[in-house]
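Here is a quick walk through one protein model. Have a look at the fold yourself, then read on.

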Amino acid sequence: MTTAFSPPQPTNLPTLPEGWPIGSYDTYEQAQRAVDHLADSEFPVQDVTIVGVEPMIVERGAARLTWGRVLGAAAASGAWLGLFVGLLLTMFTAGAGLYPLVIGLVSGIAFAMAAAAVRYGSTRGKRDFVSRSQLVARRYDVLCKPRNAELGRTLLVAL
């Protein structure tokens with residue numbers, strides 16, 4: 001908390017990267033390998049920044065969704081939750097036997113499948129696939145603070 005007499009605290013706002021470019025690479029792995037090479041050469045890597053230039057979100061299809069796949073996944077998820085709830089009820093109910101476990105399992109499966117059916121049915125076939133999203137860049141620049149930029153560029157040429 002700041003008062004009229006205390007100085008304002010610095011915030012963690014995003015800042016633009018600083019430094020001179022000492023290398024440019026097509027993949028993040030190549031840029032990472034370059035910085036690792038600098039570190040192996042005892043270069044002050046605290047002066048180095050990897051910057052992804054021209055970021056893109058890439059979405060790759062992973063699987064086709066069907067009613068069977070949706071309901072099967074929901075049943076498996078609901079079974080785990082139902083077993084957990086049933087196990088808790090069994091532990092805290094004296095002389096209940098396995099009935100709470102079975103009831104939890106069946107109700108977990110039923111509720112999860114019903115919820116999944118409503119969600120999937122509401123899409124009306126507009127998104128019948130599963131995908132994975134990834135943030136990538138067109139290229140990766142390695143920047144270095146000016147005080148060590150020439151040395152860093154020289155070391156990367158040797159790579």
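## Pairing in the sheet

Before getting to the strands, one ground rule: two strands count as paired if DSSP finds at least two bridges between them. This is a predicted model, so keep that in mind throughout.

With that rule in hand, β1 and β3 make an antiparallel pair with 5 bridges. One spot to look at is G23, whose bridge partner in β3 is V142.

Zooming out, the sheet is open and has 3 strands, in the order β1-β3-β2, with antiparallel pairing. That leaves β1 (20-25) and β2 as the edge strands, each pairing on one side only. On average, neighbouring strands in this sheet are turned by 30 degrees against each other, ignoring direction.

## The helix across the strands

What lies across β1, β2 and β3? That would be helix α1, covering residues 28-40, and it runs at about 145 degrees to β2.

## The largest pocket

Now for the open space. The largest pocket holds about 230 Å³, and 14 residues line it. Nearest its centre you'll find L65, R69, V70, Y120 and V130. The elements giving two or more residues to this lining are β2 (48-64), α2 (67-92), α3 (99-122) and β3 (129-144).

Which element gives the largest share of the lining? It's α2, with 4 residues.

Key:
Residues are numbered from 1 along each chain as its sequence is written. This is a predicted model: local features need pLDDT of at least 70, side-chain atom pairs count only at pLDDT 80 or more; totals for chains, interfaces and linings use all residues. Side-chain values use heavy atoms; hydrogens and water are left out. On a 1 Å grid over the protein atoms alone, a cavity is a set of points where a 1.4 Å probe fits but cannot get out, and a pocket is an open set with protein on both sides within 12 Å along at least five of seven lines; lining residues have an atom within 4 Å of a point. Grid points are joined across faces, edges and corners, and a volume is the space filled by probe spheres set on the points. Axes are lines fitted to C-alpha atoms, for helices over the stretch in contact, and angles run from 0 to 180 degrees between N-to-C directions. Contact means heavy atoms within 4.5 Å.
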